[in-house]
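Student: Please take a close look with me at the aromatic rings in this model, and spell out the cut-off behind each term as you use it.

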Amino acid sequence: MIDYIKGELTELTPALATVEAAGVGYGLNISLNTFSAIQGKKEVKLYVHEAIREDAYVLFGFVNKKEREMFELLITVNGVGANTARMMLSGMSVNELCNAISTGNARLIQGIKGIGKMTAQRIIVDLRDKIVALGIAEEIPAGGQMTAPVNNQVKDEAVSALTMLGFAPAPTQKVVLQILQQQPDLPVEQVVKLALKQIK
């Protein structure tokens, strides 16, 4: 499995980036968000999703892990293929898409070319809990509004430590987020200690 490709950006269009690494040029399908982020750069690091079909081997490239995670969640939804998911990530940022899903804003999602009413509603139903569990979106309270941002580095390190201790990532993520929203200045070790008491 290819996790990421790091190398020289030799060609770039709004839909495709060619990255040369160790003498091999990799053509990666990209979203407009990734295009904007890497435009003008000589060296890039793109996170990869491999789509292997009988008739094709296609690589998708993403500027960060959150965009890739969002893409991989979108393609699990019935009726959303890889090209539709890329179109969605070109029309909206990951945060905007998370907001639309978490607040149930089907109309906003329908504004993206190729997304009908039924598909928009399916995306909301299927992914609302998952985007929080994976930490792509922060915890969403009952009112549907996003909460204050947390220190992602502390959050990621705490979740990583707890996962290595054998706890499942989804409930761990949720507990760590709750702790950091209540006490945003806690160091990693304190977050881990508190989480150990709370994880079921």
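Tutor: A residue counts as buried when its relative accessible area is under 20%, as exposed when it is over 50%, and as partly exposed in between, with a 1.4 Å probe and protein chains only. By that criterion, F60 and F71 are both buried. The model is predicted, so local features need pLDDT of at least 70 and side-chain atom pairs count only at pLDDT 80 or more, while totals for chains, interfaces and linings use all residues. Residues are numbered from 1 along each chain as its sequence is written, and side-chain values use heavy atoms, leaving out hydrogens and water.

Searching the whole structure gives three aromatic pairs, where rings of Phe, Tyr and Trp (its six-membered ring) pair if their centres lie within 6.5 Å, planes under 30 degrees apart being stacked, over 60 edge-to-face and the rest tilted. In one of them, the ring centres of F60 and F71 are 5.0 Å apart and the planes meet at 35°, so this pair is tilted. Because F60 belongs to strand β5 (residues 57-62) and F71 to helix α2 (residues 65-74), the contact ties together parts that are eleven residues apart in sequence; helices (H or I, at least four residues) and strands (E, at least two) are DSSP runs numbered from the N terminus.

F71 also forms a tilted aromatic pair with F62, at 4.9 Å centre to centre and with 45° between the planes, and F62 is buried, as is F71. Taken together, ring pairs link F60, F62 and F71 into a cluster.
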